Amino acid sequence: MRTMRPMTVDNTKDTRGGWMATPSDSDSAQITACTLRTGILKHLEYSQAKDLDHASLFDMRMALTLAIRDQVIEPWFRATRAAYAARSKRVYYLSMEFLIGRLLEDAILNLGLGDAAQEAVAGLGHDFRAVLDDEPDAALGNGGLGRLAACFLDSLSTLGCPAYGYGIRYEHGLFRQGFQDGQQIEEAEDWLRQRHGWEFERPEAAFRIGFGGEVSEQGKTALWTPSDAVIAKAHDTPIIGWQGKWANTLRLWGAEPIRAFDLTAFNSGDYAGAAAQEGLARTISRVLYPDDTTEQGKELRLKQEFFFTAASLRDILRRFLSEEADLRQLPTRVAIQMNDTHPAIAGPELVRLLLDEHGLDFDTAVDTARGCLAYTNHTLLPEALERWPETLMARVLPRHMQLIERIDDQHARQNPTRRATVLEDGAVKMGELSFIMAHRVNGVSALHTDLVKSTVFADLHRLHPERIVNQTNGVTPRRWLKGANPALAALITDTIGTGWEDDLERLSELEPAITQPDFCAALAAVKDANKARLADWLGKTTGQTIDPGAMFDTQIKRFHEYKRQHLNILETIALWQEMRADPGGNWAPRVKIYGGKAAPGYVMAKEIIHLINAVGSVINADPRTRDRLRVVYPANYNVSMAEKLIPATDLSEQISTAGKEASGTGNMKFALNGALTIGTLDGANVEIRALVGAENFFLFGMDAGEVVARRTAPDHAAQAIAASPRLQAALEMVESGAFSGGNRDTFAALCANLRGHDYFTVCADFDSYWDAQREVDSVWADRERWTTMAAHNIARSGWFSADRTIKGYMSEVWQIDPMI
């Protein structure tokens, strides 16, 4: 262990307000600050058409973006040329979401240009932090699925693995969340209203994507004649890895009409009709996850999935055929990863291309496609394993419906004892289709993979026992530690030296320092400074006065009943009631922080959001308790908000129903940043607890087997409520209208669900959760012990690097070697 230099926290320098320099940053700044200044001025003049005196914040941000992008181009070209020269296998990661957040700060960090960029921008009279914060978050995802994909892109580039990410260039993303009377309202995201400085439009990479129409048999193949079509046009974003050694490409498809404008209709006075084709085409790439509770919504979702998958496969085959002639060799050069079931149509579409357009026989086409395809399962929830009505599939993709039937029939003939089918009760089951068409299927945590084998794909696992493997998720330490928490990163570097950024398991070298009072004091100071900044931001954002000395207790996730945000708020109500009953009690002051969105059509999740805001309005106005208990819910949670919340959090809420969360990655980010976890034995919580130590984790609740057993009792919720006076009182308070202006009907459906079905066992786990929270209070009272536990979480979280995960995919799924 290196001798530790004295560590102080300077709020004037690191506000995520300044740049916490490392030695490499300083060296880089001496060499490149003048170069960057020249580049910024060049782009102000020639790209923004402004001089320095008249440059706005937007102009400065765009000029800096383009100057930094210039530094990315050379390694991007070099990596592309190297992959072609080596005739390397490439990874193609197909995902409906890429929650990449802001790219400018990430690129500056990975290039080691932090000090150089800050010096250049400040020298031109602008505030560096303000320039960075001017960049909008790219609205390309919703939750963990998309953030995982973004972390994987970073790791693929850091490891020098030739790869493309493929997705959709959503104009309006999921939605911009707001609150009206405590209820979620949805507005369109407008991130593309300004020019996106990182992308390159590629008009030469455009493909005609068809829908509907008719199929005519032509011997052993068929001719599909679509009735409708759009153009998929590529937009490329370079993704630079750590230290700028390698860069890969995120290629996003935008939908455009075959004919942009009907001049005849316009000249006849039909102005709306003249632009109708453009509007219909662009609908495909406007919004992430359109509400599929209507038939129109279902059709649009299916079209979106086929649109980006089909365009990606055509692009992959084009690239392969530019180097090779024999398509039977495709698996030696192409590894396609389907991130969940959204790209599951890749199986039938790749078979169609090989069979109908390139002349392979059906069996060879299936084997070749399977040799390329792998599938990541992210859920055990039946509703999330997509099922499309056969009638819809046949109408939108008639040739693919025929091929799905042939694939299912072939699998049945090859496996006469099988029970699982792709077609069932008039529906196409995309999970089963993905499994059958993939040579590898992976879960995303050890528990999840075991449950995949024993539950949703039990029969297919029996038939193909070698196919399912585990690849526990990970997060990129570059963004989620070095970038999001620069003061902690600097403390780590002071303690163990540089190099941990791409070798995160070196964090274990922190263990000896944990016994040193100076280290723990410095760690506590880092956390306190992060909390002070967050308290200030929350005050400006929500209007509330936040005590940075209180425990920051955070649950940030997309809203779903299995994630059990309602368990959290019910315990908060019960805590508030006890505080009011015993105002002199030794209560740990808490700020309960929530963040996340509910799908527009998910009524129950939106009611949970409404309840949280309603409870917060009442508790925050109570003069007896508001100095010790606050509820804060800033709207429109995104990556940039997470970068503020995670480094400042003391307690991480990972409280999903055991057996329902596939993995989670927020749990890893929190632990890596020194938050303690209160959680169930679910997803990657199991592995986090095993690695950080049971003594450094607040465990509660039933395990997955106990949850299943509890559900066999039809009155399990009623039993739990009857046995828990605190839970009974909290529910009765909600039902009384105490949080809804006396209206007893407002939350009636939510309470009825908890008292009745309660599929996600909120009531059965409530008392255990309460007890664990009181253990949290007890430990919080001993701040030295808390800090020591936090330090152990940091030192033992190195295994949860996305670099480790990608290395596992490379060796066990894709069979590809790194090129650096």
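Helix α13 (residues 362–372) and helix α15 (residues 398–414) have axes that come within 12 Å and cross at roughly 85°, and the two helices are therefore roughly perpendicular to each other, a description kept for angles of 65 to 115 degrees, with those under 35 degrees counted as roughly parallel, those over 145 as roughly antiparallel and the rest as oblique. The axes are lines fitted to C-alpha atoms, for helices over the stretch in contact, and the angles, which run from 0 to 180 degrees, are taken between N-to-C directions. Helices here are DSSP runs of H or I with at least four residues, while strands are runs of E with at least two, numbered from the N terminus. On the α13 side the contact (heavy atoms within 4.5 Å) is made by F362, D363, V366 and R370, and on the α15 side by L403, R406, I407 and Q410. These residues divide into four nonpolar, one polar and three charged.

This is a predicted model, in which local features need pLDDT of at least 70 and side-chain atom pairs count only at pLDDT 80 or more, whereas totals for chains, interfaces and linings use all residues. Residues are numbered from 1 along each chain as its sequence is written, and side-chain values use heavy atoms, with hydrogens and water left out.

The next feature is a sheet. Three strands form an open sheet in the order β12-β14-β13, with antiparallel pairing, where two strands pair if DSSP finds at least two bridges between them. Strands β12 (387–389) and β13 (423–424) stand at the edges with a single partner strand each, so one side of each is left without a neighbour in the sheet. Helix α16 (residues 430–437) packs on this sheet, where it touches β12 and β14, and its direction makes about 45° with that of β14. Two bridges join β13 to β14 (residues 427–429), and L423 has V428 in β14 as its bridge partner.

Elsewhere, helix α4 (residues 114–123) has G114, D115, A116, A117, A120 and V121 buried, a word that means under 20% relative accessible area with a 1.4 Å probe and protein chains only. After α4 comes G125, whose phi is positive, near 90°.

Taken as a whole, the protein has 33 helices and 22 strands, and its C-alpha trace spans about 85 × 70 × 60 Å along the principal axes. Buried residues make up 62% of the 820 residues. Of the contacts with a separation of 6 or more, 78% are accounted for by residues 24 or more positions apart.

Conventions: Nonpolar A, V, L, I, M, F, W, Y, C, P; charged D, E, K, R; others polar. Buried < 20%, exposed > 50% of the residue type's maximum accessible area, 1.4 Å probe, protein only.
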